[in-house]
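Hi,

Here is the structure I said I would pass on. Have a look, and my notes follow below.

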Amino acid sequence: MAVAMMSLLIAIPLLGLTTGLRSMTPMALICWYAVLGYLPVDGTWAAWTAHLWVAVVLTVLAVGELIADKLPRTPDRTATGPLLWRLILAGMAGSIAAGAINEPGLEGVLLAELGALLGAFGGFMVRRDLVEKMDCKDWHVAVAEDLITILCAGFALHVVTG
């Protein structure tokens, strides 16, 4: 009961927040947790996440996103297309995590999407302000943001899997 409550109130919004920062990273980690058997998805709509090929493809996409994020022509995460993509992926991640702890998927979707909005807009503003205040290149802050995203998504999944 405590793990489920902590997952709903902390871990699922954190998965959403990290999706707002880097859209593909949390889904790639979810797939690896499922492939390795830590995330129970058998018999659910999310059973596809437990296939090795899905984890590999999403990992390649996540690495591509980490690289593309540093390029000057990459659109802002708060632009309509990238933001909608983040909301879709956050909803999927939240539903998968909620299902893994036998909680309603809709709660997971809503909590993760709120986290994704905070991650997208908050992350955009924090990154912009840090670059300005530290008088450094954007990619320096972006690499730190990558590491924070990976660590926080991993922590959130660790909480969900108990």
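First, a term: a disulfide is a pair of cysteine sulfur atoms within 2.5 Å. Searching the whole structure turns up 0 disulfides.

Before the rest, some housekeeping. This is a predicted model, where local features need pLDDT of at least 70 and side-chain atom pairs count only at pLDDT 80 or more, while totals for chains, interfaces and linings use all residues. Residues are numbered from 1 along each chain as its sequence is written, and side-chain values use heavy atoms, with hydrogens and water left out.

Back to the cysteines. The closest cysteine sulfur to that of cysteine 136 sits in cysteine 152, 19 Å away, which is too far for a bond. Cysteine 152 is in no disulfide either, and its nearest cysteine sulfur, that of cysteine 31, is 19 Å away. Cysteine 136 is partly exposed at 23% relative accessible area (buried is under 20%, exposed over 50%, partly exposed in between, with a 1.4 Å probe and protein chains only). Cysteine 152 is partly exposed too, at 26%.

Now the helices (DSSP runs of H or I, at least four residues, numbered from the N terminus). The axes of H5 (residues 105–134) and H6 (residues 138–160) come within 9 Å and cross at roughly 135°. That makes H5 oblique to H6 (under 35 degrees is roughly parallel, over 145 roughly antiparallel, 65 to 115 roughly perpendicular, and the rest oblique). Gly123, Arg127, Leu130 and Val131 of H5 meet Asp138, Val141, Ala142 and Glu145 of H6, where contact means heavy atoms within 4.5 Å.

Cheers

Definitions and conventions
Axes are lines fitted to C-alpha atoms, for helices over the stretch in contact, and angles run from 0 to 180 degrees between N-to-C directions. Helices (H or I, at least four residues) and strands (E, at least two) are DSSP runs, numbered from the N terminus.
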